Amino acid sequence: MRVLGVDPGLTRCGVGVVEGVAGRPLAMHGVGVVRTPADAELGQRLVAIEQGIEQWLDEHRPEFVAVERVFSQHNVRTVMGTAQASAVAMLCAARRGIPVALHTPSEVKASVTGNGRADKAQVGAMVARLLRLDAPPKPADAADALALAICHIWRAPAQNRLQQAVAQNRLQQAAALHASKAASRQAPNHASQRAPKGRTA
């Protein structure tokens, strides 16, 4: 499984590609940052992010794209820019038919370090260890992108089993409903099947 992780941001959008399967050593195929100037017009910055992500998709051909799920209770201005960059990443993937998965920061931290409240230094150190790198990638956005990809590779089997179970349950419910409707249509209508009264002389 080859996954492109995207740590969305307007000024620095982290990107990283990891390949492997759960339970086996992972390999990094690339890591970097798509940058945009803070003084540029918003639309142009989003176009630059789109072009950057498209280049990564062209070069690495990932099977999945993992994007950080955006949420915030405080700085609305910052989270808006992050959400816009996230939407661009999802659009680029969807346009190519590549499945997109969203993971929260705590899910990523827990998957990579075992601690959902780990700091960026801990995440970077574990990413370097898991991918057998000499040092954590810089800046932290790049390391976070790799962590997203690792998280998805490790979580995907469990998510797939859950999705399959949900889909199977829905199929069973649909089949039961169909059978119930078919049975009700085939049930004899006693009122309409009464024998006609005979004529009296």
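Let's begin our walk through this predicted model at E107, a residue that is partly exposed, with a relative accessible area of 24%. Its side chain meets that of R155 in a salt bridge, with 3.5 Å from N to O. E107 sits in helix 3 (residues 105–113) while R155 belongs to helix 5 (residues 140–186), so this pair ties together parts that are 48 residues apart in sequence. R155 is partly exposed as well, at 27% relative accessible area.

What lets such side chains find each other? Side chains of opposite charge can pair when their charged atoms come close. A search of the whole structure turns up 8 salt bridges.

Now turn to R95, which forms a salt bridge with E50, their closest N and O atoms being 2.7 Å apart. R95 lies in helix 2 (residues 76–95) and E50 in helix 1 (residues 42–60), so the contact links parts that are 45 residues apart in sequence. Both partners are partly exposed: R95 has 48% relative accessibility, and E50 has a relative accessible area of 23%.

R95 also meets E54 in a salt bridge, again with 2.7 Å from N to O. Because E54 is in helix 1 and R95 in helix 2, this pair ties together parts that are 41 residues apart in sequence. Is E54 buried or exposed? At 16% relative accessibility, E54 counts as buried, because the cut-off for buried is under 20%.

Finally, step back to see how these contacts join up. Salt bridges that share partners connect E50, E54, D58, R95 and R96 into one network.

Methods
Residues numbered from 1 in each chain as written. Predicted model: local features only at pLDDT ≥ 70, side-chain atom pairs only at ≥ 80, totals over all residues. Heavy atoms only, no water. Salt bridge = Lys/Arg side-chain N within 4 Å of Asp/Glu carboxyl O. Helix = DSSP H or I, 4+ residues; strand = E, 2+ residues; numbered from the N terminus. Buried < 20%, exposed > 50% of the residue type's maximum accessible area, 1.4 Å probe, protein only.
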